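Q: I would like to learn how to read a structure feature by feature. Where should we start?

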Amino acid sequence: MAKDIDWSNLGFGYIQTDKRFVANYKNGAWDEGTLTEDPNIVMNECACVLQYAQTCFEGLKAYTTEDGHIVTFRPDLNAERMADTCRRLEMPVYPEDKWVEAIVKVIEANADYVPPFGSGASLYIRPYMFGINPVIGVKPAAEYMFRVFCTPVGPYFKGGAKPIVIRVSDFDRAAPNGTGHIKAGLNYAMSLHAIVDAHNQGFSENMYLDAATRTKVEETGGANFIFITKDGKLVTPKSNSILPSITRRSLMVVAEKYLGMEVEHREVYFDEVKDFAECGLCGTAAVISPVGKIVDHGKEICFPSGMDDMGPVMKKLYDTLTGIQMGRIEAPEGWIKVIK
Ligand SMILES: *Cc1c(COP(=O)(O)O)cnc(C)c1O
């Protein structure tokens, strides 16, 4: 039975659902894992995650398609990315096939919380892992917990996607050989001051430049950049300190295979940004957020797409990818995982 939730007025906050998945790693092996109703975790005061932030996460969505199925989008890529993250953080990989199974179990067990088609809302799924045994000398934990919970979230943009204003940040997000390319909790902890400061100054997001030369575009705290050139190419920054967004990788395929656009994945110098026709941020949460203006220490870059609407090419990309996700447009092989 569908839950008594006002889907159209949901925000992006935590709402406790019925079941979550939990698996424990001990003595060098993962246990079977199980669904539980208990949303709380009890751990030692000296747990590795509390002292040394050994934790990582993923984020993906389930939603109801036009024909009434519950589906999720490319979960295999989230599984692969979390495995990469775990290796970099000296955490045990949770096997990728079992990882996807855990996602499926959580969605099935909370199917009543998947918002209906047309509501714009979705079920956000949060897999995460952390070191849980006491660690005081700096080293990786010996015991880990892998959990997956979900929470219904509202449409990212109520009443349509309005272009946002962002600033070039004086803070750096990721070091050249650091952890920018993985979804580690620590990347977010260090971004909190920068985003609070940006908001206090009236900006929606930070554009981070490469830490070594501060001449190249990296990303924001939680979304990759895509740009459209005046002759209609999609350009997106390449760097080994950018998190490989699944939305961005999917949009590159949509641009090339569905819209016949040229796609360039390359280093993007900040100096070129003023010449682009459109700018957007991409990630699971919003798919694409249009950027209308970038402020660089008082100097403004205003994109020709303006401050009222998403630019025409971004709109086409957005409509095509969300059309694929919602089952209106045929998806490339393996992109849509039908849950039920
Ligand atoms: C999660 C994340 C993204 C978006 O990735 P998606 O797979 O598209 O959701 C982009 N940048 C950072 C830093 C992220 O953590």
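A: Start with helix H7 (residues 312-325): at 1.5 Å a residue its 14 residues should span 20 Å, and the end C-alpha atoms are 20 Å apart, which agrees. The expected span is 1.5 Å times one less than the number of residues. Helices are DSSP runs of H or I with at least four residues, strands are runs of E with at least two, and both are numbered from the N terminus. This is a predicted model: local features need pLDDT of at least 70 and side-chain atom pairs count only at pLDDT 80 or more, while totals for chains, interfaces and linings use all residues. Residues are numbered from 1 along each chain as its sequence is written, and side-chain values use heavy atoms, leaving out hydrogens and water.

Q: Which residues of H7 are buried, and what follows H7?

A: Buried means under 20% relative accessible area, exposed means over 50%, and partly exposed is in between (1.4 Å probe, protein chains only). An α-helix has 3.6 residues a turn, so residues three or four places apart point the same way. In H7 the buried residues include Val 313, Met 314, Leu 317, Thr 320, Leu 321 and Ile 324. H7 is followed by Gly 327, with a positive phi near 85°.

Q: How many residues does helix H3 have, and which of its residues are buried?

A: Helix H3 (residues 96-109) has 14 residues and reaches 20 Å from first to last C-alpha, close to the 20 Å expected. Its buried residues are Trp 99, Val 100, Ala 102, Ile 103, Val 104, Val 106 and Ile 107.

Q: Which phi does Arg 74 have, and where does Val 287 lie?

A: Most residues other than glycine have a negative phi. Arg 74 is not a glycine, yet its phi is positive, about 50°. Arg 74 sits in the loop between strand S6 (70-73) and helix H2 (75-88), and it counts as buried because its relative accessibility is 14%. Val 287, also not a glycine, has a positive phi near 65°. Val 287 belongs to strand S15 (residues 287-296) and is buried, with a relative accessible area of 10%.

Q: Which backbone oxygen does the side chain of Asn 78 reach, and which does that of Thr 72 reach?

A: A polar contact is a pair of N or O atoms within 3.5 Å; within protein, one must be able to donate a hydrogen and the other to accept it, and residues adjacent in sequence count only if both atoms are side-chain atoms. Asn 78, in helix H2, is buried at 1% relative accessibility. The side chain of Asn 78 reaches the backbone oxygen of Gly 59 at 3.3 Å. Thr 72, in strand S6, is buried with a relative accessible area of 0%. The side chain of Thr 72 reaches the backbone oxygen of Lys 61 at 2.9 Å.

Q: How many residues surround the ligand?

A: A residue is near a molecule if one of its heavy atoms lies within 4 Å of it. Here 15 residues surround the ligand, and Lys 183, Tyr 188, Ser 245, Thr 247 and Thr 284 are the closest. Polar side-chain atoms of Arg 81 and Thr 284 each lie by a ligand oxygen atom, at 2.8 Å for Arg 81 and 2.6 Å for Thr 284. A polar backbone atom of Ala 223 is 3.4 Å from a nitrogen atom of the ligand. Taken alone the ligand exposes 380 Å², of which the protein buries 96%.

Note on methods
Accessible areas come from the Shrake-Rupley method with a 1.4 Å probe; for residues, only the protein chains shown count as cover.
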